[in-house]
Structure formats: structure tokens, C-alpha cells
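Have a look at the model first, then read on.

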Amino acid sequence: MTRVTRRGLVLGGGGVLGAAWMVGALQALQDETGVDVRDFDAFVGTSAGSVLVALLGAGVSVEDLVTHEREGQLGSGPLAGFHFDYENASGGDRPMRPRPGLGSRELLIRNARTLRQLPPTAVLSAFLPEGRGNLAAVGALISHVVPDGWVAREGVTVVALDYDTGERMPFGRPGAWPAALPDAVMASCAIPGWYQPVRIGDHRFIDGGAWSSTNLDLLAGQGLDEIFVLAPQVSFDADTPTQWATRLERQWRARVTRRVIREVATVHHQGSEVTVLGPGQADLEAFGGNLMDVSRRPVVIETSLRTSALALRDPAPLPDGNDYRDVG
């Protein structure tokens, strides 16, 4: 009897441009593997990745994601009839003036003796002021395909951070805080200092990227043979920008890459082969220094469609023996 290969998909955070890049990379991944990614066994989505994981879990095809990213609406399929205003849905490429004061005294007080055990980004998020941006457009997009509850299939995880306790929350898993899919996705996308935290029950939740850009380690021990990670904030093929803001973004990107490599090791040691696909030099040039710059979205997806396919055909090994796929 032939054993069925069990596959997992991790879609990381990366703002508006990260989402566009991942849509292109998903098309390349599907073309190169010959497998419909909707048939994968497990999904983990963080921030921008949570939107795509939710749509895939609800049955939206990769081809429809590409068309919708390019045209904003579809005539058939689960997204038919829904127009998403990509130009304005994110609220602009700069945040509104945030509310005064600390974003979460509760997180800091509750974890006062154990702050060093939390990811530095989670601690930083508590010091940032509470944002004023609204994610209602994202919630409406998800509600169009899943009006209430969760997707019908199993294995879809959306990651956020409990802004009151500092705990990572894998919505959709047994034992996680109960949430409707649109609320969970909005919470996962709520960048601290940029968007309002999303209240679910009596707790506030923010972007899952405050814990990890990919949260890949949540797939450790899941019995998966292969895991594909599309990580817009990871790069193995860095460029050399001259603008100071872009250089700062690249320094942050290097830290995220090191964190993801550690998560790869954790999952690989549990028996899964891991492939990480991150933007390369051509993609980084398309991104610029602001992942929320919606004006660059068309060139980002078209670049990703080309470069991601090339990268998947020419993998290079990570230090622990896994494969990674960089683009450039």
C-alpha cells in the first residue's frame, strides 16, 4: 500500500506587499509541485499569511487569489461578487497617530518576572502605543467566504498574540480561545502601534508576528512529511540598499531570518523536511523599504511569480540539512 505524503504550509507575516509576494509564490509552489495547496494537511497563518490561509482553507484556489490580487474581484468561486479595495483597505502606507500611553500595561505587569522568557517583539509590542487603524475591510473579506464559525476542514491555524497575557494564541486548534474566523484573522493582522487590538471575548489580541513572523514551530510533532514555508520577511539573498529606512528594514529582516532558521531546526528534528522560500534581491528591490506601500503591490506579485518559480527549481541547503529556496 502506498503511503500518502502529509504536507503542511506556513504563510508568514509581511504586510500588504508580503501578501502579494506570497500569492505569487503560492502559484509557483503549486506549479512546481503539481499539488493543489488546498489539499495540504495543515496550515499555519500569521498576520498577512492568516488572510491567505483562511481563504485557502475556505476553498479559494490559488488561481483565484492571483486573479483577485490583480483585478480586485472575481466572477466565480467563493470570492465571487466581493470587491476588495486593495488601494485603501489597509488604511494607507503610514499609521495614523496612535493613542497616548502604553499599549498593554496588563502584559507587562502579568509577566514582570518572566519578561526575558517572551520574544523581544512581544515585550516591545506592550510598550508601543495602541494603534487607531481599522481592519474591518479584512474582516469583511473573510466573512464573505466564512460568514460565521470556522472553516469546515481541519488543520487551519491562525496565530495572534493575547495582548493582555502575552500568550501566543493558535486560533482554530483544540484548547485555543474560541473565535470566529474573521475575528481571528483581524486579530492576527493587528500590527501593534498601527491597528487597534481586536477584542475577542474579554481579551485583546494583536498581530501574531509579535510572537514570530512564521510560527513555524507550531507544526512540530504533527506527523508531517513535508512543510513549505513562505516567509516574506525572510531573505537568504540580501541586497545592499542605500536609503537608511530600507537599511533598517533589512537589519530587521536578518533578525527574522535567524529566528526562522531556529524554528526550522525544531520542526526538522521532529522528522519533517522543511522548505523555506523567502524574497531575494529582485523581490527586495520591488518591495522597497515599506511593506505597507500599496503602490508597489502590482510589481511585487509579478516579480514573485517569476522569481519564486526559479528559486523552487534550484534549492540550497540550510545548515541543518533542510532545503531553503531563496529568490534572486
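Two strands count as paired here if DSSP finds at least two bridges between them. Strands (E, at least two residues) and helices (H or I, at least four) are DSSP runs, numbered from the N terminus.

## About the model

This is a predicted model, so to speak of local features takes a pLDDT of at least 70, and side-chain atom pairs count only at pLDDT 80 or more, while totals for chains, interfaces and linings use all residues. Residues are numbered from 1 along each chain as its sequence is written, and side-chain values use heavy atoms, with hydrogens and water left out.

## Strands β7 and β8

Let's start with β7 (residues 226-230), which runs parallel to β8 and is joined to it by five bridges. Within that pairing, I227 sits opposite V274 of β8. To get from β7 to β8, the chain goes through helix α8 (residues 244-268), and this β-α-β crossover is right-handed: with the strands pointing away from the viewer, the path from the first strand over the helix to the second runs clockwise.

Buried means under 20% relative accessible area, with a 1.4 Å probe and protein chains only.

Strand β3 (residues 156-162) has seven of its seven residues buried, so the rest of the structure largely encloses it. In a regular strand, side chains alternate between the two faces of the sheet. Both faces of β3 are covered: V156, V158, A160 and D162 are buried on one side, and T157, V159 and L161 on the other.

β3 pairs with β2 (residues 42-46) in the parallel sense, over four bridges, and there T157 is the bridge partner of V44. β3 and β4 make a hairpin with five residues between them, where G166 in the turn has a positive phi of about 85°. β6 (residues 203-207) also pairs antiparallel with β3, over three bridges, with F205 as the partner of D162.

## Helices α6 and α7

Now for a helix pair: α6 (residues 136-145) and α7 (residues 181-189) pack at about 145°, with their axes 8 Å apart. Axes are lines fitted to C-alpha atoms over the stretch in contact, and angles run from 0 to 180 degrees between N-to-C directions.

Which residues of α6 and α7 meet? A136, V138, G139, I142 and S143 in α6 touch L181, P182, V185 and M186 in α7, where contact means heavy atoms within 4.5 Å.

How values were computed:
Buried means under 20% relative accessible area, exposed over 50%, partly exposed in between (1.4 Å probe, protein chains only).
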